[in-house]
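Biologist: Let's go through this one together. I'll ask how you know, and you show me the cut-offs.

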Amino acid sequence: MFEINQSSWDQAIKFKEGNSGYSNMDDRVLCLNASPSGCILSGNSKISTFALWLWLAEFFTILNFSAIFESKDTMWQKITSVSNPHIRELVRLKNKPAERKNRGWMIVEGLRELRMALGYPMKAIELIVCRNICSEEKLKEIEPYFSSVLKTEVGLEVFGRLAYRENSDGFLAIFEADTPRLDSLNLDDDPLVIIIESVEKPGNLGAILRMADAAGCDAIIVSDPRTDIFNPNVIRASLGTVFTVPLAVAESKEVMKWLEQRHITSYAAVIVEDALPYTEMDFTASTAFVLGTEAEGLSPAWLRFCRHKIMIPMRGRADSLNVSIAAAILTFEAVRQRNQPKKA
């Protein structure tokens, strides 16, 4: 028994309606039972098996030889045409952030990133692989995690349309993307938190997440974001650590209230006259570093709220650092201080 997905069946109906030779679908098909995953198709006893498979062969031709049948046990489908409706849908998902936002989905590319994503509490939608370049051994490793979802095998040309990277390893998956909120964070005593206001460059956010993972930060909070935290470029730049670092998104007012309730000391990273060098501060207690964008810095609201203003002394002609570099300098200073032996 094979399964034919609904979009492909719709194409079959259009093909039938436009072809006088197939005016009576009942002469070709015994049953079409709707199910959540598609429709069950079996041969009509009125016609020979040869006639049924002849019809299927012509149907494949109309669909540019895209394999549309799925085994009910493995839920695999094979697509070789870039014009396949499902592939066109995935390309839109890749290229249009609004499409991802409307569907509430994210795209994760790369085996390393997939491994990290599988440890994150979210639902998998589809696994897509290109056997021309992916490792069969590694495919066997991760396939059980996608046992209950659609799995699609594609050729090199199709995968090239879907991948973001030039040298991809042949693994890509679609997941649901639920925005994490502040109430999802569980902090230890004296937490080390990084707050990024209005981050707009996915690469910067990804680099900060990667750094925070290495430093063992307790949380990253993105306030008033201007980019999707699960943007494919965030996932790529973070090397998948977007799924390992405790992360939350909220409006600035909500974050400020959250900090006050937990008695976390806030430090605004700024370049102003009354800011103190970061090396003169004590970050061993509850600490939140607050950083703004490179172009605009922190908003007046955050400057008024933060208890301390700190700066990274600049010795050259440049007057600022990339926000991810600044975050790394401050974070690892806090880590250094916390790793010092406590004075008796």
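Biologist: What makes the Asn84 side chain a polar contact at the start of H3?

Modeller: A side-chain oxygen of Asn84 comes to within 2.8 Å of the backbone nitrogen of His86. A polar contact is a pair of N or O atoms within 3.5 Å, and within protein one must be able to donate a hydrogen and the other to accept it; residues adjacent in sequence count only if both atoms are side-chain atoms. This is a predicted model, so local features need pLDDT of at least 70 and side-chain atom pairs pLDDT 80 or more, while totals for chains, interfaces and linings use all residues. Residues are numbered from 1 along each chain as its sequence is written, and side-chain values use heavy atoms, leaving out hydrogens and water.

Biologist: How do you know which residues of H3 line one face of the helix?

Modeller: H3 covers residues 85-95, and its buried residues are His86, Ile87, Leu90, Leu93 and Lys94. Seen down the axis, they fall within an arc of 115 degrees, so they line one face. The arc is taken from the directions from the helix axis to the C-beta atoms. Buried means under 20% relative accessible area, exposed over 50%, and partly exposed in between, with a 1.4 Å probe and protein chains only. Helices (H or I, at least four residues) and strands (E, at least two) are DSSP runs, numbered from the N terminus.

Biologist: What does the charged end of Lys94 sit over?

Modeller: The ring of Tyr164, with 5.4 Å to its centre. The rule wants NZ of Lys or CZ of Arg within 6 Å of the ring centre and within 35 degrees of the ring normal. Arg103 does likewise over the ring of Trp105, at 4.9 Å from the centre.

Biologist: And H10, what puts its buried residues on the same side?

Modeller: The buried residues of H10 (residues 252-261) are Ser252, Val255, Met256, Trp258 and Leu259. They cover an arc of only 160 degrees around the axis, which puts them on the same side. Lys253, Lys257 and Glu260 are exposed on the face turned away from that buried side. The cover over the buried residues of H10 includes strand S10 (192-197), strand S11 (219-223), S13 and H11; contact here means heavy atoms within 4.5 Å.

Biologist: Why is the pair of Tyr267 and Phe283 called edge-to-face?

Modeller: Rings of Phe, Tyr and Trp (its six-membered ring) pair if their centres lie within 6.5 Å; planes under 30 degrees apart are stacked, over 60 edge-to-face, and the rest tilted. By this rule there are 8 aromatic pairs. For Tyr267 and Phe283 the centres are 5.0 Å apart and the planes at 85 degrees, so edge-to-face it is. Tyr267 is in strand S13 (residues 265-269) and Phe283 in the loop between S14 and S15, so the pair ties together parts that are 16 residues apart in sequence. Both Tyr267 and Phe283 are buried.

Biologist: What about the rings of Trp302 and Phe305?

Modeller: Their centres are 5.6 Å apart and their planes at 90 degrees, so that pair is edge-to-face. Trp302 counts as buried because its relative accessible area is 0%, whereas Phe305, at 22%, is partly exposed.
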